[in-house]
Amino acid sequence: MRPVRVLIAKPGLDGHDRGAKVVARALRDAGFEVIYTGIHQTPENIVRTALDEDVDCICLSVLSGAHNYLFKKIKELLKKENASDLPIVGGGIIPDEDKKKLLKAGVFEIFTPGASLESIVTFFNKKIKPRKLSK
Amino acid sequence: MDLNPQHCNDGAKKKKFTTISDMEVPPLVTEKDLNNFNSKTKLGLPGDYPYTRGIYESMYRGKPWTMRLFAGFGTAQDTNKRFRMLLEHGQTGLSTAFHMPTLRGFDSDNVQSRGEVGVAGVAIDSLEDMEVLFDKIPLEKVTTSMTINGPASILFAMYIAVAQKQGADIKKISGTIQNDILKEYLAQKLWLFPPKPSMRLITDIFAYASKHVPKWNTISISGYHIREAGSTAVQELAFTLADGIEYVQHGIDTGLKVDDFAPRLSFFFNCHNDFFEEIAKFRAARRMWSKIMKERFKAHDPKSWMCRFHTQTSGVSLTAQQPLNNVVRVALQAMAAVLGGTQSLHTNSLDETLALPSEDSVRVALRTQQIIAEETGVINSIDPLGGSYFVEHMTDKMEKEAWKYIEKIDQLGGMVEAIEDGYPQREITNAAYHYEQQLNAQEKVVVGVNKFSMEEKRPIEILEIHPLTERNQILRVQSVRKRRNAKKVSECLKKLKLAAKGDDNIMLPMLEAVKSYATVGEMCEVLWDVFGHYQDPAII
């Protein structure tokens, strides 16, 4: 079986990339294929990259408070591309209330400050599988 | 009797004791370990070279540090209200947090700004917003710090314009713009242009302010963000001073006299959890900077030798879990900053891992500083820790380790070249990952997170940004564009472009453009046309 491919992306305008980079490295060390977009990516860019690279999961790190808009926008764009099955995992400073709403709106999981690397890696090992392309 | 260090570790629970940055800490430091410590050359007196004990003769006996809480959210009106609340409660200086679009040079109605307007700071699109932000705040009397880097020249020009409108003498206004672009490439990642044109904008500001706004701190060379991005304390110290060296060298290379601009350079450090490591860092910073300025750059004015700095307690050290514990962390960090001799201080609020701070939590953060100043008595004697065997040992060690990094950066050709090479970025990323692994292995402890954790209900209310903020701000900037003199704006933008292409100081046409109510986004577009963009190297 091919390794699971994960896209780690930083949408929006903020440059807080410590968390994204630490998680990228932890997943890489745990055997995942990791593609990191770098910061300041538009939702359109992220979805394009995810589809071009055939990833199995999109991870979005946002610390600017713009998560509600950005997560939903990316979800919408995926739907347009018939890729709604592609799971989105979020991370960042995301208040509990927003987290609940976003999970309800179809975001697969959200990790907030204090989440251990171990818990994140375990989650990916258990829950993220190679995506079956419908084409 | 000679001490056997082996015995000091008898009964110790760990083989090795280290600081939060993983620097080894000896079990006991005695006079002998300080190797002929010469207090005259190493310390001097407060207010004297090399300023290890503080930059002022009377330190906090003369004047306590400036209590300056970073604030900004929603519209200019929302933040103006918060500013006035803080001043009423005894805050002594202002500090402005701009929203992400302003920091990145976009107007609120730019498509890239969707979801970000007024969320992580205050929305400023044009001079009109700036007028509201400082409404009923006398700029000749209050000092204002503005955390702005890429578009620093624009926001500085707006501040000057507001002060002039208030009738203030701009020779008397005082405050700070962060204006430290090098640490943007290193850590905060909010650049607008590539390094070289960015450095030119900075020296234009140095030159303009030294003539026209002489009391302004034209740069705040910042270690804060480097540390938040995951560096060690030594890296924070070394990279910050190396950035400082680059700015001074650049100023000299463009023909400025060192003593004309160096006295207005200021610094900004983090204060993390490791109490003595932080105090040692502050003391080492002063000693090292004075040596750099006197010996390397041959500055003559003692004001050029002084490392004046602002401190902010560490945002990343706060936990979303059991958030009330953050009050204790902030108090201890603030105490270290005060014992380290800071000139101004921001204390974080307990809810800042969840959202921007609420009014109640900000008040506690301000009161924390007031308690340290008024109740604890730690300010009564200057540098009370000076001469402590342990503190001097740690200060020496910090200095020694930081010089090694500075040498390495010199070898790479200076900080701009080091950044292009990616060296400091890799060092920071590696340190961040190392710490995270230590947390995972429980070699380092965060109370409430990887030890003493518990199930809890979040007990606190957090600040919510009004949902109509974005829409209202968009209408506002669009209305400004309709009301202003369009011909005047386009003439001003042309002049700005001409100055950007040539060698004339950018500040004069910038000031004119700002006064014509050209927007942040419009001015940045002009500059992008001339200076180009910079791409994130995305090092992991």
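In chain B, the centres of domain 1 and domain 2, taken over C-alpha atoms, are separated by 28 Å. The bounds, which come from an automatic or database domain assignment, are 33-440 for domain 1 and 469-531 for domain 2 of chain B. The structure is a predicted model, in which local features need pLDDT of at least 70 and side-chain atom pairs count only at pLDDT 80 or more, whereas totals for chains, interfaces and linings use all residues. Residues are numbered from 1 along each chain as its sequence is written, and chains are lettered from A and ligands numbered from 1 in the order in which they are written.

Between the two domains of chain B, 33 residues of domain 1 are in contact with 23 residues of domain 2, contact being defined by C-beta atoms, placed from the backbone, that lie within 7 Å. On the domain 1 side, at least two residues each are supplied by helix 6 (127-133), helix 7 (152-165) and helix 9 (195-212) of chain B. Helices (H or I, at least four residues) and strands (E, at least two) are DSSP runs numbered from the N terminus.

The contact between the chains involves 30 residues of chain A and 32 residues of chain B. On the chain A side, two or more residues come from each of helix 1 (18-29), helix 3 (67-80) and helix 5 (117-127). Helix 1 of chain A gives the most, with five residues. By class, the side of chain A that touches chain B divides into twelve nonpolar, eleven polar and seven charged residues.

Chain A contains five helices and five strands, which follow the pattern β-α-β-α-β-α-β-α-β-α along the sequence. Along the principal axes, the C-alpha atoms of chain A fill a box of roughly 35 × 35 × 25 Å. Of the 135 residues of chain A, 50% count as buried. A residue is buried if 20 or more other C-beta atoms, placed from the backbone, lie within 10 Å of its own, exposed if 12 or fewer do, and partly exposed in between. Among the contacts in chain A with a separation of 6 or more, 72% are accounted for by residues 24 or more positions apart.

Helix 4 (residues 76-88) of chain B has 13 residues and reaches 18 Å from its first C-alpha to its last, close to the 18 Å expected at 1.5 Å a residue; the expected span is 1.5 Å times one less than the number of residues. The buried residues of helix 4 of chain B are B:Ala76, B:Asp78, B:Thr79, B:Arg82, B:Phe83 and B:Leu86. Viewed down the helix axis, these buried residues fall within an arc of 155 degrees, so they line one face of helix 4 of chain B; the arc is that of the directions from the helix axis to the C-beta atoms. The buried residues of helix 4 pack against strand 1 (66-71), strand 2 (93-97), helix 6 and helix 16 (359-374) of chain B.

Just after helix 4 of chain B, B:Gly90 takes a positive phi of about 100 degrees. B:Thr92 lies in the loop between helix 4 and strand 2 of chain B and is partly exposed, with 16 other C-beta atoms within 10 Å. Apart from residues up to four places away in sequence, B:Thr92 touches B:Thr66 and B:Met67. The C-alpha atoms of B:Thr92 and B:Thr66, 26 residues apart along the chain, are separated by 5.6 Å.

Further backbone features occur in loops. A:His40, although not a glycine, has a positive phi of about 60 degrees. This residue, A:His40, is placed in the loop between strand 2 (33-36) and helix 2 (43-52) of chain A and is buried, with 20 other C-beta atoms within 10 Å. B:Asn35, also not a glycine, has a positive phi of about 50 degrees. B:Asn35 is found in the loop between helix 1 (5-8) and helix 2 of chain B and counts as exposed, with 9 C-beta neighbours inside 10 Å. The peptide bond from B:Tyr49 to B:Pro50 is cis, with omega near 0 degrees, and B:Pro50 lies in the loop between helix 2 (39-42) and helix 3 (59-62) of chain B.

Key: Nonpolar A, V, L, I, M, F, W, Y, C, P; charged D, E, K, R; others polar.
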